[in-house]
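I opened this notebook to keep track of what I looked up in the model, entry by entry.

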Amino acid sequence: MLVGAAQREPWAPAVFVLLPLLLLAAALPVAGVLGLPGGGTSLALLDDRGVGIIRNFTHLSGVANFTVELWAMSRAAVQEVQLFGWATAANVELVTFDFYADFAAMTAYGNRIILPIPILPLETWHHYAFVVQSSGVEAFLDGVSLGFVAHRLPVFPATATFLLGRYVSSLGDDAGNALTVDPTLSFRGYLDEVRIWKVALNQSRVKSNLHSRVPEESPDLLVQWHFDDETDSADGRIA
């Protein structure tokens, strides 16, 4: 059993919180209006292969405040799915950022930051940003704040495996045990223009990033993955 698997018990906050989120998702424009999520290819997460898994990720080591932003398009109706996270061999799912049907509002549950499934609509590109600080986490959908949860996540380890759209039940090891992707909790769809910043972006900067690519040497930019070239290395600063 996964460490923390017992935390995956259904729990539902007050249902009346869900209606404003549904209205928000319906009112937001699709990516074609906001700006293209990428001029080339995207990271396709449509099967259980090991793509989207970045080993020996050290960029966030010692960074207290940071931002992860990305474009996503879901291709499968699900009850629960992991968008991204990071893991270590000792604690497989250390921190995850998920969507879950049984939650009606953004919340922290253990070391999971959870958003309601309705704000992950099918077949449309949307921009998501997660701003992590020592005081808590704020999430944005297409530049609109989804709320703030006062929950301190564990400090990013010296090195970890960064997971894009993949929930893994085993990271594999040198003894020959294979990396195992759990298809029931992994994202099915496309990701693009993933950026990781070593600062907590404010809403104005999140909005400005919707419409165009940021320069590769932007201050405070740790990682930027375009997924436009099959030879891109996910271990590099710029892909």
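**Aromatic rings.** I began with the ring pairs, and I found that they link Phe-57, Phe-66, Phe-84, Trp-86, Phe-97, Phe-130, Phe-156, Phe-162 and Trp-225 into a cluster. For a pair I required rings of Phe, Tyr and Trp (its six-membered ring) with centres within 6.5 Å, planes under 30 degrees apart counting as stacked, over 60 as edge-to-face and the rest as tilted.

**What I am reading.** I note that this is a predicted model, in which local features need pLDDT of at least 70 and side-chain atom pairs count only at pLDDT 80 or more, while totals for chains, interfaces and linings use all residues. Residues are numbered from 1 along each chain as its sequence is written, and side-chain values use heavy atoms, with hydrogens and water left out.

Searching the whole structure, I found 15 aromatic pairs. One of them, Phe-57 with Phe-156, is edge-to-face, at 6.0 Å centre to centre and 70 degrees between the planes. This pair links distant parts of the chain, since Phe-57 is in strand 2 and Phe-156 is in the loop between strand 10 (144-149) and strand 11 (160-164), 99 residues apart. Here helices (H or I, at least four residues) and strands (E, at least two) are DSSP runs numbered from the N terminus. Both Phe-57 and Phe-156 are buried, where buried means under 20% relative accessible area, exposed over 50%, and partly exposed in between (1.4 Å probe, protein chains only).

I then turned to Trp-86 and Phe-162, which form a stacked pair at 6.1 Å centre to centre with 20 degrees between the planes. This pair, too, links distant parts of the chain, with Trp-86 in strand 4 (residues 80-87) and Phe-162 in strand 11, 76 residues apart. Trp-86 is buried because its relative accessible area is 1%, and Phe-162 counts as buried at 0%.

**A charge over a ring.** I also looked at Arg-205, which lies over the face of Trp-197 at 5.0 Å from the ring centre; the criterion is NZ of Lys or CZ of Arg within 6 Å of the ring centre and within 35 degrees of the ring normal.

In which order do the six strands of the open sheet run? I read the order as 2-11-4-5-7-6, with mixed pairing, two strands being paired if DSSP finds at least two bridges between them. Strand 2 and strand 6 (107-109) stand at the edges with a single partner strand each, so one side of each is left without a neighbour in the sheet. Within the sheet, strand 5 (residues 95-100) and strand 7 (residues 112-116) pair in the parallel sense over five bridges, and the bridge partner of Phe-99 in strand 7 is Leu-115.

Asn-56, in strand 2 (residues 53-57), has a phi near 50 degrees and counts as exposed because its relative accessibility is 62%. Glu-193, in strand 14 (residues 189-197), has a positive phi of about 45 degrees, yet Glu-193 is buried, with a relative accessible area of 2%.
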